[in-house]
Amino acid sequence: MKTDLVALPIATADGEFIARYSEKGLAELNFPNGRAGLPLGQSAQQHRPAKGGVVPAKIRGWHRVTAKALKAVLDGREPKTLPPLDMAGTAFQKSVWNQMQKISLGKTKSYGEIALAIGKPKAVRAVGGACGANPVPVLVPCHRVLAANNKLGGFGGGLDWKRRLLKHEGIEF
DNA sequence: TCCGTATTGAACT
DNA sequence: AGTTCAATACGGA
């Protein structure tokens, strides 16, 4: 577990998200309370205000941008600016995440298309895995990635969240 | 090295 | 039209 990260809450109409920052940028973003999002085995842990009590101005600035961007997306608008992202992952995963960020709001892509975009057309399932490993949902729109034939596909731990997010963007089934 | 996976497309009821 | 199945790439144990 990453106890070196600074955790800050973001209140939204859909609940309180929790953002975690490293020294380099936004490292993780969690869905409200326990469910959905990442398999962090720490759902029981209360979010602390900050690491040592002091939140660096640098991080406060990022947090403001993050909160704004998050609310924008939940509001069905494209965020103008994003905080620096500090995602830990393999080269493959970063490629996938990078591709996902290129999906404009309100549009969708299939896992197959993502796989093709990173030059590995056959790696469709692996792409799914990378999506599940995405530490920063919403901002990196893993929810905009559907299965082929416009099927909903899956969403680790909280399929209802995927649905809700898509609905916010005007995508129906 | 084996297992699970947020897939896919083709073959079979 | 719904369901089953094998193939395939990658990460984790």
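Start by selecting DNA strand C together with the residues that surround it, namely Thr90, Phe92, Gln93, Lys120, Lys122, Ala123, Arg125 and Ala126, each of which has a heavy atom within 4 Å of the strand. This is a predicted model, in which local features need pLDDT of at least 70 and side-chain atom pairs count only at pLDDT 80 or more, while totals for chains, interfaces and linings use all residues. Residues are numbered from 1 along each chain as its sequence is written, chains are lettered from A in the order in which they are written, and side-chain values use heavy atoms, without hydrogens and water.

Of the atoms of DNA strand C within 4 Å of the protein, 56% belong to sugar or phosphate, and the rest to bases.

At Arg125, by contrast, a polar side-chain atom lies 2.6 Å from a base nitrogen. The elements giving two or more residues to this surface are α2 (91-101) and α4 (124-132), helices being DSSP runs of H or I with at least four residues, and strands runs of E with at least two.

Finally, select β2 (residues 15-21) and β3, which pair in the antiparallel sense over four bridges, pairing requiring at least two DSSP bridges. Tyr21 stands opposite Leu26 in β3, and in the turn of this hairpin Gly25 has a positive phi of about 155°.

Notes:
A polar contact is a pair of N or O atoms within 3.5 Å; within protein, one must be able to donate a hydrogen and the other to accept it, and residues adjacent in sequence count only if both atoms are side-chain atoms.
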